[in-house]
Amino acid sequence: MAQPTLTNAPPVAPAGSPPAPPRRRTRNWGAIAGFLAPFVVLFAAFYLVPIGYSIVESLRTVTRSGTFGPVREVWGGFTQYATVFSSAQFWASILRVLRFFVISVPLQLGLALVFALLLDSPVLKGKRFFRLAFFVPYAVPGVIAAIMWSFLYAPSLSPFSLLAQNVDLIGPGLVIFSIANIVNWVFTGYNMLIIYSALQAIAPELTEAARMDGAGQWRIAWSIKIPMVFPALILTGVFSIIGTLQLFNEPLVMRLVSSAVSTDYTPNMLVYATVNGGNYNLAAAFSVVLALVTCVLSFTFLKITQRRAEG
Amino acid sequence: MRTSRPIRLLAAAAALATIAVTAACGGGGDSSGGGAAAGAGSCAPAPAGTKVDLTFTSWVPGMQKTVDLWNKNNPDIQVKYTEVVGGNQGTYQAYTNQIKAGTTGDLGMIEFDSLPSYRLQNGLANIGGCQPAKDGIVNYPDWTRSQISFGEPGAVYGIPQDVGPLALYYRKDLFDAAGLKAPATWDEFAADAAVVQGKGGYIANFMPDQPAWFTALAWQNGARWFTENNGTWKVDMADPKTLQVADFWQKLITAKQVNTVPGIGNVEWKALDSGQEWTLIGAPWTAKLLETNAPSTAGKWAVAPLPQWTAGGTAGGSWGGSATVVWATSKHPYEAAKFAAWAFGDPAALALNNQNGGQFPAHNGQTDLPALSKADPYFGGQVIWTDFAKANDQVDPSFAWGPTMTDTFDTLSNGFGQAVNGQGDLASVLKNAQARTIDTMKAQAIQVG
């Protein structure tokens, strides 16, 4: 699961320092432009242009004169989008990753929260060790992790042959759980660290006051810490939604051992297969719709959780 | 904090969009194709005294050594070689992008099943008019010539590199101990399958993720999946010949007499090395993989001809095989054709390709190579290459590939994956793949009749 890198929010134009005389302001503009240029250029080249290009491509379609005649791309209106919306494959893959989300994310974030609270509580000994140990799987590249786990799952390769031979971990029924397990193994520690740093930011006076009022560790965790890290939980939740919809590496690698993972198993795999098949326009339309679906789901999640946080 | 959250979310969502979008548009620039294909006949050598530089990509291990030999002997035609990953591991996508951008260079390697799709993208030069290609191409078997000409008389869209005629690798020791001999027909194969099952093994692996393997078996039975006539295609993937092959394997799958794990990978090697699978229906290129990945069964294997549908038959199919093409963007098609005809036709070059890359050459002179007339201890001292040369002569020349094979193969492997897991059967997979292939071709503005 390709978790998006934590990009900083786009730098906002530095708010003008104390109002300066008009003469100096013109010089300021040059400085502002100079400082902004690297960002704007890169932002446009690797952000806006690809998105724009993709949208343009998604509105085009190919024609050719004769089978082996020259290929031309022409305006196709919403032809590709009509294909996307009638594509059973695409919506099946979206439903599959949503099911995956239900299987994977609550457990993943739940564990991340528990681990973070344990690390934060005074009860646990050897915190530095555990903090590193929980986080180490995230340092393993996703593909390597998937290869490793796929070897553990495959009945003929697994060192735990008794389990792997009697439970079909890579069959059509369980393979989604097996993939979820890989993803959870990699990302629990990562999410734990985000929640843990939020816990670190809680003012010690709060917990101290609670303790003086007679609250135990459980009570402090439940009534102080968890509500205080709720924004961090929302953040990890949103990242998980995005990451789940982008699921790609793990199922692709699982194809090497499992015949139950198809080339259109996740939306991203479908896009990849479509590009490989040479149908760029359709792949672009898939991507645009996938991006919109992701936006809608992320915002919905945000709205619901915020309402809960406020209410 | 609260106000900045939606901004951060927006940034994250935009980041997602960028990732999805960049995945979708690897290409760029001129989308009208990398120039028209060079017409056959217009192929003059560069004026004497000019130095020509060519580029060449392939994924044959050690091909650099062949190129070095050429560069040493041809100071005026220097080839710059790049080794790339296998076609389906990313190189085909790179080719497609390069064609879109008009930066394909001079020479590249393409497997036979993908040739039509690159011709469709107007990527290939017809070097039929280049003297070296014209002279060289007569020395290749008929079936490979029909692959690279698409049935057009005189057309040459590539020089055949290697071939994948199917034969039966089998565990001679296990067959002997069970009182069986190598099955000569598919009926015998099915009968043996029951015996092998009784001994706790599988006679073979039906590889759900290797649709080209299944295609080769249908090819053997005389299937003609794709025919093209005056620019209109006919798709026939669910014909009686193919369905006969599908039903045959479906019965074995249902009876659990064949393994159904992904092929040509660790899971299958383990099954072969441990003696769980008794045969491997494979191509010449499979030999080296088998030797490397099933070392504990050395000396126990032998190679027999592919079982036949009729007793005494001599039909064959090919799994894999490739050609070196001259790209339509090449400014020196004559020199490029000259290099390709040498690299995959000259005995010294073929010997190097075989020695370093394990290639079984398409060229008719393949069995004259000293390396390919040696007995192999892994196969109990058998000279397996003579058997493969014989199998190669039996490959049916009239099988042609379609223009959207990547998509067709995806549909097949996804369907086969479900079928071996008990969801649907092979016959319905083929019918579905047929319908889906027609849809895909139409979406690419290809005329389907």
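Against which helix of chain B do the buried residues of helix 8 of chain B pack?

**Entry 1: helix 8**

I began with this question in a predicted model, and I found that the buried residues of helix 8 pack against helix 10 (240–254) of chain B. I then listed these buried residues of chain B, which are W186(B), F189(B), D192(B), A193(B) and V196(B).

**Entry 2**

Next I traced an open sheet of 5 strands in chain B, whose order is 2-1-3-10-4 and whose pairing is mixed. At its edges stand strand 2 (77–83) and strand 4 (159–165) of chain B, each with a single partner strand, so one side of each is left without a neighbour in the sheet. Ignoring direction, I noted that neighbouring strands of this sheet are turned by 20° against each other on average.

I followed strand 3 of chain B to its partners on either hand. Strand 3 (residues 107–111) and strand 10 (residues 318–326) of chain B run antiparallel and are joined by 5 bridges, and within this pair L107(B) has V326(B) as its bridge partner in strand 10. With strand 1 of chain B, strand 3 pairs in the parallel sense over 2 bridges, and here T57(B) has G108(B) as its bridge partner.

**Entry 3: what covers strand 3**

Is strand 3 of chain B covered on one face or on both faces? I recalled that in a regular strand the side chains alternate between the two faces of the sheet. In strand 3 of chain B both faces are covered, with L107(B), M109(B) and E111(B) buried on one side and G108(B) and I110(B) buried on the other.

**Entry 4: helix 15**

In helix 15 (residues 384–393) of chain B, 7 of the 10 residues are buried, so the helix is largely enclosed by the rest of the structure. Among the buried residues I noted W385(B), F388(B) and N392(B). Their cover includes strand 4, strand 5 (167–171), helix 12 (286–293) and strand 9 (301–305) of chain B.

**Entry 5: confidence**

Last, I looked up how far the prediction can be read. The mean pLDDT of chain B is 89, and 91% of its residues reach 70 or more. Over residues 1–41 of chain B, however, the pLDDT is below 50, although this stretch has 107 contacts in the model beyond near neighbours in sequence. Where pLDDT is low, the predicted coordinates should not be read in detail. For the complex, the predictor gives an ipTM of 0.81 and a pTM of 0.85.

Methods: Residues numbered from 1 in each chain as written. Chains lettered and ligands numbered in written order. Predicted model: local features only at pLDDT ≥ 70, side-chain atom pairs only at ≥ 80, totals over all residues. Pairing = 2+ DSSP bridges. Helix = DSSP H or I, 4+ residues; strand = E, 2+ residues; numbered from the N terminus. Axes fitted to C-alpha atoms, helices over the stretch in contact; angles between N-to-C directions. pLDDT = per-residue confidence, 0-100. Contact = placed C-beta atoms within 7 Å. Buried ≥ 20, exposed ≤ 12 C-beta atoms within 10 Å, placed from the backbone.
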